[in-house]
Amino acid sequence: MNPTDSDHFPADPARPHDGEPARTSLHVLVLSGSSRTGSVNARLGSLVAALVSRAGATARAATLGDFPMPPYDGDVEADEGLPEGALALCARIEAAQALIIASPEYNASVPGVLKNAIDWVSRYRPQPFKDKQTLLVSASPSMVGGNRGLWALRVPLEHLGARVYPDMFSLAGAHQAFTEDGALADPGLGERLTSTIGSFLDLVEADTRYLCLQRRWYEFLGDRTDAPVTSRAQD
């Protein structure tokens with residue numbers, strides 16, 4: 001696919017069941033990996049943010065256009081430090097208990113603008129992606145829905161220590177998949193997206209509230225741990 005991502009909720013999207021605690025203490029950043037006006041991934045991100053809110057958590061939607069930054073350049077970093085857009089994105093990631101990225105697929109891989117943002121954020125200390133519960137979703141006019149791009153996106157995020165959720169959601173034929181009110185036209189896909197988000201939030205809640213369940217994996221070579229920096233350790 002070339003670099004364009006020509007990016008119904010169910011009637012009653014995910015809500016906490018009666019008697020279950022609300023997730024109001026959970027703050028989720030929903031980031032669209034596209035800066036293009038009219039992006040289907042921005043539309044998917046808006047839908048995801050609405051579903052997160054309806055599940056009882058707090059969602060904040062943003063696009064990469066909210067965080068302008070130049071192409072990564074080591075000389076620029078050495079002379080000027082991180083650009084304001086990168087610092088703002090770092091702050092947003094740090095402030096959230098979880099991150100959901102809605103990413104396009106460019107030529108079966110990660111969009112350059114998203115990879116560039118990850119490269120800039122990777123230079124910040126402490127590393128914002130480390131231990132961040134992360135869910136990946138995508139939308140594309142193609143028949144695979146951008147899924148190949150999500151597999152490529154997992155690599156740098158997991159390398160930086162993000163806990164990328166095993167399940168992912170990809171919306172094929174995305175240019176025809178939304179209703180006028182921003183929901184998914186296919187009820188089955190709407191139910192699957194709602195279920196995926198609910199399960200992800202359950203994990204985030206457990207990770208946030210029950211420290212004894214936390215399991216940390218390290219694979220970011222720039223991170224300092226008690227284990228050798230070349231090892232993948234668990235505690």
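Let's start at the surface: Asp79 sits at 65% relative accessibility, so this residue counts as exposed. Keep in mind that the model here is predicted. Asp79 belongs to helix H2, which covers residues 74–80.

Now for the inside. How many residues does the largest nonpolar core have? That core has 30 residues, and Leu44, Val48, Ile100 and Leu193 have the most contacts within it. At least two core residues come from each of several elements, including strand S1 (27–32), strand S3 (98–103) and helix H6 (187–209). Helix H1 gives the most, with seven residues. In soluble globular proteins, nonpolar side chains tend to be buried together.

Charged side chains pair up too, with a count of eight salt bridges. Here are three of them:

| Salt bridge | N to O distance |
|---|---|
| Asp119 and Lys115 | 2.8 Å |
| Arg163 and Asp131 | 3.6 Å |
| Arg163 and Asp207 | 2.5 Å |

Asp119 and Lys115 are four residues apart in helix H4 (residues 112–121), so about one helical turn separates them. Asp119 is partly exposed at 27% relative accessibility, and Lys115 is partly exposed at 33%.

Arg163 is buried, with a relative accessible area of 15%. Because Arg163 lies in strand S5 and Asp207 in helix H6, their pair ties together parts 44 residues apart in sequence. Asp207 is buried at 13% relative accessibility, and Asp131 is buried at 17%.

Technical notes:
Residues are numbered from 1 along each chain as its sequence is written. This is a predicted model: local features need pLDDT of at least 70, side-chain atom pairs count only at pLDDT 80 or more; totals for chains, interfaces and linings use all residues. Side-chain values use heavy atoms; hydrogens and water are left out. Buried means under 20% relative accessible area, exposed over 50%, partly exposed in between (1.4 Å probe, protein chains only). A nonpolar core is a set of buried Ala, Val, Leu, Ile, Met, Phe, Trp, Tyr and Cys residues joined through side-chain atoms within 4.5 Å. A salt bridge is a side-chain nitrogen of Lys or Arg within 4 Å of a carboxyl oxygen of Asp or Glu.
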